[in-house]
Amino acid sequence: MRFSEIESRLRSFRAGIAGAGGLGSNCAVSLARSGVGTLVIADFDKIEPANLNRQYYFADQAGMYKTDALKANIQRINRAVNVIVHTLKLDERNIPEIFAGCDIIVEAFDSSDMKQMLIETIQMRMPGIPVVTGSGLAGYGKNEAIRSRKIDDTLYVCGDESTTADDDHPPMAPRVSIVANMQANLVIEILLMKKQAGQS
Amino acid sequence: MKILLNNREEIFEEDPLNVARMIELKKFSFRMRIIKINGALIPKDKYETSMIRDGDNVQMLYLMSGG
C-alpha cells in the first residue's frame, strides 16, 4: 500500500490517548504524522522542565497544560489531524464518555495504578475496543528486551514488561520513545486491519 | 488440574483455586497486574471470588510504572 492510501484509510479513524507524558506525546505525534484522522488526548498535568528528557514538548512550553501544548505541536506537524483535548484526570466514571467513539485506545500513563484502572475500565465498560498498553520502559539499553505482545483481540502490550521506573531507573527518551512508537505502530496495524469507519 | 498460564501449561494440586490463591502459589510479586480467565477480565476486587478451573486459559500482564 502506498503512503497516500495508508493516510487516506487512517483518516477515517479516531484514536484515544490516555495520558500526554512520554508515551502519549510521542505516540500521538507518530499517529498524527501517519494521518490518523482524529486524536482524543486526555491529561491533567502541566509541562515541567524535567519532562523534557523524554516528552514531545519544548523548553518554552514549560508551565503549559500538556494537552494544549501537544495540540499545538501536532498542528504544526499535520494540520489535517483533528485533535480533541480534555484537560482533566481520567477515572472510572469519565473514561467511557471521554473516549466514546474511539476505535482504539492507547494507555500512556506513568503510574501502574492508573494503567490498571484504565485497562480494567475499558475492558469492562467499553467491550471490544482494543487497548494498547505500555509496560516496562525505564532506564536505557537492553534493546533486545523490548517487545510487543498480543494478549487477545482487545489487549496488547508493548515494553519489556519487567523494568519499573524509579530514582535509579529513570524513564529516558530512547526507551520511552521506542515503546511509544511501538504502540503507534501497533495502532496503525490494528486500524488498517479493520474495515473503514462508515463502511459496512 | 492443568491450566494454560500465559500460553504455558501449569499444573496445580488444588482444583478449583481462586485467583488470589494462584498468585500466592506462583509467588507473583508485582502488585499491579491484569488478569483474564478465558478472555474475561477479572477486576482486582474479584481475585478472591473468581475461580480458576481445569482447562482454563489464564492470561496475566504486569503493569510496570513509567511512561
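Tutor: Before the helices, one definition: axes are lines fitted to C-alpha atoms, for helices over the stretch in contact, and angles run from 0 to 180 degrees between N-to-C directions. Also keep in mind that this is a predicted model.

Student: OK. At what angle do α2(A) and α6(A) pack, and how far apart are their axes?

Tutor: Helix α2 (residues 22–34) of chain A packs against α6(A) at about 45 degrees, and the axes are 8 Å apart.

Student: What do you call that arrangement of α2(A) and α6(A), and why?

Tutor: Angles under 35 degrees count as roughly parallel and 65 to 115 as roughly perpendicular. The angle here is about 45 degrees, so α2(A) and α6(A) are oblique to each other. Their crossing is right-handed.

Student: Which residues of α2(A) meet α6(A)?

Tutor: On the α2(A) side they are Gly22(A), Leu23(A), Asn26(A), Cys27(A), Ser30(A), Leu31(A) and Ser34(A). Their partners in α6(A) include Val176(A), Ala180(A), Ala184(A), Val187(A) and Ile188(A). By class, this contact has nine nonpolar, seven polar and no charged residues.

Student: And α3(A)? How does α2(A) pack against that one?

Tutor: Helix α3 covers residues 66–77 of chain A, and α2(A) packs with it at about 30 degrees, with the axes 10 Å apart. The limit for roughly parallel is under 35 degrees, so α2(A) and α3(A) are roughly parallel to each other. This crossing, of α2(A) past α3(A), is right-handed.

Student: Which residues are in the contact of α2(A) with α3(A)?

Tutor: Ser25(A), Ala28(A), Val29(A), Ala32(A) and Arg33(A) come from α2(A). They meet Lys66(A), Leu70(A), Asn73(A), Ile74(A) and Ile77(A) in α3(A). Six of the residues are nonpolar, two are polar and two are charged.

Student: New topic. How many residues are in the largest nonpolar core?

Tutor: The largest nonpolar core has 69 residues, and those touching the most other members are Ala15(A), Ile17(A), Ala28(A), Leu39(A) and Val187(A). Helix α6 (residues 173–193) of chain A supplies the largest share, nine residues.

Student: Val187(A) keeps turning up. What does Val187(A) touch?

Tutor: Setting aside residues up to four places away in sequence, Val187(A) touches Ala15(A), Leu31(A), Ile104(A), Val106(A) and Val132(A). Of these, Leu31(A) is also listed in the α2(A) side of the contact with α6(A).

Student: Now the two chains. How many residues does each give to the contact?

Tutor: Chain B gives 15 residues and chain A gives 31. On the side of chain B, the elements that give two or more residues are β4 (33–37) and β7 (57–62). β7(B) gives the most, with three residues. That side of chain B has eight nonpolar, five polar and two charged residues.

Student: Which residues of chain B does Met124(A) contact?

Tutor: Leaving aside neighbours within four places in sequence, Met124(A) is in contact with Leu41(B) and Pro43(B). Met124(A) sits in helix α5 (residues 112–125) of chain A. Met124(A) is partly exposed, with 13 other C-beta atoms within 10 Å.

Student: What about Asp110(A), where is that?

Tutor: Asp110(A) is in the loop between β4 (104–107) and α5 of chain A. Not counting residues up to four places away in sequence, Asp110(A) touches Gly19(A), Gly21(A), Ser65(B), Gly66(B) and Gly67(B).

Student: Is Asp110(A) buried, exposed or partly exposed?

Tutor: A residue needs 20 or more C-beta neighbours to count as buried. Asp110(A) has 19 inside 10 Å, so Asp110(A) counts as partly exposed.

Student: Last topic, the backbone. Which peptide bond is cis?

Tutor: The bond from Asp15(B) to Pro16(B) is cis, with omega near -5 degrees. Pro16(B) lies in the loop between β2 (8–11) and β3 (17–18) of chain B. For background, most peptide bonds are trans, and most residues other than glycine have a negative phi.

Student: What is the phi of Lys142(A), then?

Tutor: Lys142(A) has a positive phi of about 50 degrees although it is not a glycine. Lys142(A) is in the loop between β5 (131–134) and β6 (147–152) of chain A. With 12 other C-beta atoms within 10 Å, Lys142(A) is exposed.

Student: And Asn7(B), what phi does that have?

Tutor: Asn7(B), also not a glycine, has a positive phi of about 70 degrees. Asn7(B) lies in the loop between β1 (2–5) and β2 of chain B, and with 10 C-beta neighbours inside 10 Å counts as exposed.

Key
Residues are numbered from 1 along each chain as its sequence is written. Chains are lettered from A and ligands numbered from 1 in the order in which they are written. This is a predicted model: local features need pLDDT of at least 70, side-chain atom pairs count only at pLDDT 80 or more; totals for chains, interfaces and linings use all residues. A nonpolar core is a set of buried Ala, Val, Leu, Ile, Met, Phe, Trp, Tyr and Cys residues joined through C-beta atoms within 7 Å. Helices (H or I, at least four residues) and strands (E, at least two) are DSSP runs, numbered from the N terminus. Two residues are in contact if their C-beta atoms, placed from the backbone, lie within 7 Å. Ala, Val, Leu, Ile, Met, Phe, Trp, Tyr, Cys and Pro count as nonpolar, Asp, Glu, Lys and Arg as charged, and the others, Gly among them, as polar. Angles under 35 degrees count as roughly parallel, over 145 as roughly antiparallel, 65 to 115 as roughly perpendicular and the rest as oblique. A crossing is left-handed if the near helix is turned anticlockwise from the far one by less than a right angle, and right-handed if clockwise.
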